[in-house]
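Please look at the structure first, then read the sections below.

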Amino acid sequence: MIRLADFEESNVTPDPDLERRTLAYGREIFARVNRQGPPAFTPAWADQLLMDWTMSAEPLKIQLFRFIDALPRLHDSAAIAGHLRECLGEAGGAVPWWIRYSVRILPSNGFGGRLLARAAKWNAERLARRFIAGSNVEEAVRSVKRLREKSQAFTVDLLGEATITEAEADAVQKQYLDLVAGLTREVNGLPEVPQIDRDHFGPIPRVNVSVKLSALYSQFDPIDPEGTSRVVRRRLRPILNAARRTGAFVNFDMEQYAFKATTLQIFREILDEPAYRDWPHVGIAIQAYLTDTEQDLRDLLDWAKARGTPVWVRLVKGAYWDYETVIAAQNDWPVPVWTEKWQSDACFERSARLLLENHQWLRPAFGTHNVRSMSAALAMADAFGVPPAAYEFQMLYGMGDEFKDVLVGLDRRVRIYTPYGQLLPGMAYLVRRLLENTSNESFLRATQSGDIPEEALLMNPYERSGVRSRESGVGSQESGVNGAPPRFRNEPPSDFARDDVRRKMQTAVDRVKGEFGKTYPLIINGEPVTTPETVASLNPSRKTEVVGHVSKATIGHAEQAVQAAKEAFPGWRDTDASERADSMRRVARRFRERRFELAAWIVHETGKPWRESDADVAEAIDFCEYYADEMQRLANPQRRDIPGEENVYFYEPRGVAVIIAPWNFPLAILTGMATAALVTGNTIIMKPAEPSAVIGAKLMEVFQEAGLPKGVANYVPGVGRQIGPTLVGHPDVAMIAFTGSLGVGLWINETASKTPPNQDHVKRVIAEMGGKNAVIVDSDADLDEAVKGVADSAFGYQGQKCSAGSRAIVLEPVYDAFLTRLIETTKSLTVGPAEEPGSAIGPVINEDAQGKIEEMIEVGKREARLAFAGELGSFKAEGFFVAPHIFAEVAPTAAIAQEEIFGPVLSVIKARDLNHALEIANGTKYALTGAFFSRSPRNIETVKRRFRVGNLYINRKSTGALVDRQPFGGFKLSGIGSKAGGPDYLLQFVIPRVITENTMRRGFAPGAEVVSSGKGGE
Ligand SMILES: Cc1cc2nc3c(=O)[nH]c(=O)nc-3n(C[C@H](O)[C@H](O)[C@H](O)COP(=O)(O)OP(=O)(O)OC[C@H]3O[C@@H](n4cnc5c(N)ncnc54)[C@H](O)[C@@H]3O)c2cc1C
């Protein structure tokens, strides 16, 4: 890996003097602490025992952490005991037999159940109290006063993970204001402790609070840094003003990588405002586990100099390492963190040096419990002559307490990161701490184990790197094993947290506008055909804008196209399969080259938000490449030879395929159906949906750029009602691939089933026809995730996806809490034109759709209680906007709970228990997608068995299927045929044939010898 090489070249030889000093500090620190672990039978000893036990097996650790995470949501003893039993059951053989046995014999109800539940809860709360300093301001104040008595400073953090509503963001702001007021009132009057209340210049703030910016805005999203910054700064200013007024310090915490650039931007923007430009009592956390870190620090340094006032930098390694690696793997993005622990440690030391060398501008706060890391900082500070009071150490409440005391003893300032808050939001923090404490890579864990020698713990990171890194050599995933072709990989989504990506998209969005209003001809047999009549395709966000005029095919054109496709068929059929596959790969390549441009057309023509338009292009790329790979697999004839007889089983295309596509995935679905037909050797006539016909023209352009022979692909947009019957009923058409509404799908199926006398085959129809998808929310679900998952499923792209979740079926115990949060979340979604990156809710596709959705809303008002109707403001007049609507207490049989609406309308249905929920969920004529939010392993198993839909998602939204990973499609009235993007899809476009040849001639059969020698056929 290049990064490793960088390290090796530039940093292998540590400065011997510095290294000596570092080791001296390390040894001194160790000499002052007790490495024997906590005394037996103390609470700390019990915690240690528990952690050792959980560490003993990964499955057990995961299940116990899952149990702790679910605990606050469990309302009674039976639920707690039941969950514990399920979790231990899932951990399987990792749990000692006697625990499994005892848990099994204790009943869920009655005294035994209560005892078990109480013991579990008590232990989890005790564990939480080890890391969380209190549940309210008063308790937090008491904790920090105790810290001060030990000469330890503090920074207080308000626990609470996801802010998903604006009301919650307001509440967080208020809590911070109360916190600053409460702390300064209580602490500023206390006697001074010079070691922590002064630096080398004089007094410093005693009150110090840490803020997570994402808590201040429910729509915090790096895709729209300007909009995000505006709202966050609005909520931050009163906090900063209060802090400044009362002499408090504010630190900005750093969260996941996707938020880093926006967090840094907000930090700089607000501190450049005149009111704060000369304020030095602010800081930001920077994570050394990121490969960007040193560059970020250099940028911060330049900025601080330009601002003219220093800021503090809390240097940490970073708390989201596992999360970052998983997200990168899921999206196939570059991993933003160092992948080996020594690299993070080394980066910490390099960054510490940079801070110490520039401590006048970036004032160093070292956030670590690692003795090597802190010793390196101490040694460098001495070497560079940085006064001890000019920097500080920071550690987490409840972690590495012995080292805090030692550093205080060394006369350094130590600040304790002190979180407080309710247990429920605190669980995510607790689980992070438990993960950190039980990680194999954790320094604290290594010291506590007692069997790693000090010298090894203090070793220079570069020395530690040594053999292990080189041996583990991360190979490129590009090449397959032993030269086998690489496995299909999904096209990564664009990472809109990146500045350059956002810029490219914005440029494309602007540039494409300059091409509005052009006329697009039909393409028949490779020739453009303009028609006297055209259809104007409008921008749904601004209905006065004509995206393009599309030629309108007549019946005659439809017939010409069928003729052209028919004539081109034999040549294309007989083209080598790998050549056809290569054509599709060329299409994918062109898509990549035109990625942002195509995404911009989708934004403008169909009102899809940026991220989803980009995903549409990515999915189109996936279809091309996946079907190309699949075709190569199918192209290998299957042989079943015996002596004297050769049998070959192979596929050939059906003939002329008509592709009728919808507008909601304007590029992906059209491309998917078209390329499946083409790669298998069929010739096609594409009829895109009227509202997305310009994107259809762009696909046709790409097909031509990829060099498809004339007549192989024909583009015939027009009004479905006019040319549909000709295309579907034509005797020379072999198959129809359709995605769209149930009504049209059934009509196609019926029309195609008629076989006129001049037709020599029975037509094949594959159709994907919609759904009325349900999301079930269990009583123990993580409501943060369930609310967000339901809102995303229901309102993503305004609910205009066949996979959209339009029914939320919520179990009674959490129904009210869920509904209240869902309404608040939905209220917080930003409505606006799709071209604005910050718009969460854009327009619906056209006036007709708008009218139909509004009609169903009226039906809903008669059938159920309208719990929420969003506001549209000025947009209503500009485009085809429909505000999100939530209906509550909806009867499972109500029309709004049974009919597909294809708009931002959600029915919330109350269920007595899981059986009832499943009965409701399965109780429609559709079976497309479904989702289930739960933390109960047993309920998850039940739902997997009994929620009968084509695509079922557990603990995630019901939309966003990826080619190959989640082949997509349903049954019942949701579809005819197999799943798009799956291993059976292409089979629908081909006819299997078998050829048997008798190779026996006068008693001699070639290959007979080979067969008889047991080596198989040819
Ligand atoms: C006061 C304070 C404030 C904090 N604020 C923040 C904050 O705002 N944002 C934040 O993200 N974190 C924050 N943290 C958490 C902090 O990131 C972790 O506590 C810290 O990473 C633990 O590092 P260590 O030096 O104590 O322990 P060590 O055991 O030396 O390091 C553990 C760390 O190494 C890294 N690591 C683990 N495995 C690997 C690997 N395979 N490859 C590369 N690196 C690896 C991870 O970052 C892990 O946390 C804060 C910590 C403190 C003390």
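## Classes of residue

Ala, Val, Leu, Ile, Met, Phe, Trp, Tyr, Cys and Pro count as nonpolar, Asp, Glu, Lys and Arg as charged, and the others, Gly among them, as polar. By these classes, the shell around the ligand holds 12 nonpolar, 10 polar and eight charged residues. The model is predicted.

## The ligand and its surroundings

There are 30 residues around the ligand, and those that come nearest are Gly318, Ser344, Thr368, Glu436 and Phe443.

Methionine 254 places a backbone N or O atom 2.7 Å from a nitrogen atom of the ligand. With glutamine 287 the side chain takes part: one of its N or O atoms is 2.8 Å from an oxygen atom of the ligand. At threonine 339, a polar backbone atom is 3.3 Å from a ligand nitrogen atom. On its own, the ligand has 950 Å² of accessible area, and the protein covers 94% of it. Strand S4 (282-287), strand S5 (311-316), helix H15 (341-357) and strand S7 (392-396) are the elements that each give two or more residues to the shell.

## A sheet of seven strands

Strands of a sheet pair through backbone hydrogen bonds, in a parallel or an antiparallel way. In what order do the seven strands of the open sheet lie? The order is S23-S24-S25-S22-S21-S27-S28, with mixed pairing. At the edges are strand S23 (865-869) and strand S28 (951-954), each of which pairs on one side only. From one strand to the next, the twist averages 20°.

Valine 777 has phenylalanine 933, in S27, as its bridge partner.

## Helices across the sheet

Helix H33 (residues 847-863) lies across S23, S24 and S25, at about 25° to S24.

## Arginine 542

Arginine 542 belongs to strand S13 (residues 542-551). Which residues is arginine 542 in contact with, leaving aside its neighbours within four places in sequence? They are Pro833, Glu835, Glu878 and Gly879. With glutamate 878, the arginine 542 side chain makes a side-chain polar contact of 3.0 Å.

How values were computed
Residues numbered from 1 in each chain as written. Predicted model: local features only at pLDDT ≥ 70, side-chain atom pairs only at ≥ 80, totals over all residues. Heavy atoms only, no water. Near = heavy atom within 4 Å. Polar contact = N/O pair within 3.5 Å; in protein donor to acceptor, adjacent residues only side chain to side chain. Areas by Shrake-Rupley, 256 points an atom, 1.4 Å probe, with all protein chains shown as cover. Helix = DSSP H or I, 4+ residues; strand = E, 2+ residues; numbered from the N terminus. Pairing = 2+ DSSP bridges. Axes fitted to C-alpha atoms, helices over the stretch in contact; angles between N-to-C directions. Contact = heavy atoms within 4.5 Å.
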